[in-house]
Amino acid sequence: MNDVIKQYIVEKEPYYHSVTDEVALYEAAYSVRMPMMLKGPTGCGKTRFVEYMAWKLQKPLITVACNEDMTASDLVGRFLLDANGTRWQDGPLALAARYGAICYLDEVVEARQDTTVVIHPLTDNRRVLPLEKKGELINAHPDFQLVISYNPGYQSLMKDLKQSTKQRFGALDFNYPSHDIETEIVTHEGGVSADIADKLVSIAERARNLKGHGLDEGISTRMLVYGASLIAKGVDPKDACRVTLVRPITDDPDMRDALDAAVTTFF
Ligand SMILES: Nc1ncnc2c1ncn2[C@@H]1O[C@H](COP(=O)(O)OP(=O)(O)OP(=O)(O)O)[C@@H](O)[C@H]1O
Ligand SMILES: [Mg+2]
């Protein structure tokens, strides 16, 4: 394997607890190199899942956090000036296509549409990436796969993927895991007892019912892991919950009271 790409190999098995049949479905999708879209709320395991799959398939993983200032050049590459003149530097997408990595574009809707379209020729049967400035056409390496993540519900009409982009991907829905699985995850990741993790998950479940009734988003698995890690450090559970579960998701005093009350039911 090329040295440039070696550094992107996931060496240690990432801890990932499967939720349904997503591992088998992803493996099947990878076997035909189908571009995949992971949909789901923040903090529910999408990034961890791709890291785990890259490890399982033994493929390098190149992750790009997308934002609205990102240009096509940030993805495909650009000429740099150095002492000897100009030198081409592959962007992350070009690297992945050239050397055969899984390229994960996180929060792809944040990118402008003129940036997003550079992935089109890579995501249909051409599997090519034109480097227009350099005058090169990369034929994607057989191992290359494109994966994007997407938080449904956060988009405005102005900011959504075009149908012509969406329809190039298979999609897997992610959500918060079931009670028992989430308890295991929080126990493992947060370093607390199953009993504490169980209570944290129960608090989150109550809060998730308030989504759309004053809360924009539920308490995520990520937040529960944060809460657990403070408790594991000896912080009083009520304080830990206030800092990690309640304060971050709402500024509304009534909603904070309602969530604090849920916390005191369990701790
Ligand atoms: N199924 C799971 N197995 C193991 N850990 C999980 C799982 N789901 C969530 N986690 C834990 O939750 C944390 C947040 O998950 P992750 O970073 O993958 O979220 P995400 O869906 O990528 O969120 P975002 O959309 O904000 O990027 C992880 O660091 C991990 O500790
Ligand atoms: Mg993520």
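**Reading the model step by step**

Q: Is Ser 229 buried, partly exposed or exposed, and why?

A: A residue is buried if 20 or more other C-beta atoms, placed from the backbone, lie within 10 Å of its own, exposed if 12 or fewer do, and partly exposed in between. Ser 229 is partly exposed because 17 other C-beta atoms lie within 10 Å. This is a predicted model, in which local features need pLDDT of at least 70 and side-chain atom pairs count only at pLDDT 80 or more, while totals for chains, interfaces and linings use all residues. Residues are numbered from 1 along each chain as its sequence is written, and chains are lettered from A and ligands numbered from 1 in the order in which they are written.

Q: Where does Ser 229 lie, and which residues does Ser 229 touch?

A: Helices (H or I, at least four residues) and strands (E, at least two) are DSSP runs, numbered from the N terminus, and Ser 229 belongs to helix 10. Two residues are in contact if their C-beta atoms, placed from the backbone, lie within 7 Å. Not counting residues up to four places away in sequence, Ser 229 touches Gly 190 and Gly 191.

Q: How do helix 10 and helix 11 pack, and at what angle?

A: Axes are lines fitted to C-alpha atoms, for helices over the stretch in contact, and angles run from 0 to 180 degrees between N-to-C directions. Helix 10 (residues 221-232) packs with helix 11 (residues 237-246) at an angle of about 145 degrees, and their axes are 9 Å apart. Among the residues that make the contact are Met 223 and Tyr 226 of helix 10, together with Ala 240 and Val 243 of helix 11.

Q: Which sheet order do the five strands take, and what is the pairing?

A: Strands of a sheet pair through backbone hydrogen bonds, either parallel or antiparallel. Two strands are said to pair if DSSP finds at least two bridges between them. Here five strands form an open sheet in the order 2-5-8-1-9, and the pairing is parallel. Strand 2 and strand 9 (170-173) stand at the edges with a single partner strand each, so one side of each has no neighbour in the sheet. Inside this order, strand 5 and strand 8 pair in the parallel sense over four bridges, and Leu 105 has Ile 148 in strand 8 as its bridge partner.

Q: What joins strand 6 to strand 7?

A: Four bridges join strand 6 to strand 7 (residues 136-139), and these strands run antiparallel. The two strands form a hairpin with four residues between them, and Gly 135 in the turn has a positive phi of about 70 degrees.

Q: How many residues does the largest nonpolar core have, and which element gives the largest share?

A: In soluble globular proteins, nonpolar side chains tend to be buried together. A nonpolar core is a set of buried Ala, Val, Leu, Ile, Met, Phe, Trp, Tyr and Cys residues joined through C-beta atoms within 7 Å. The largest one has 44 residues, and those with the most contacts inside it are Ala 97, Ala 101, Cys 103 and Leu 129. Helix 5 gives the largest share of this core, six residues.

Q: How is helix 5 placed, and is it mostly covered or exposed?

A: Helix 5 lies across strand 2 and strand 5, running at about 160 degrees to strand 2. Seven of the eight residues of helix 5 are buried, including Leu 93 and Tyr 99.
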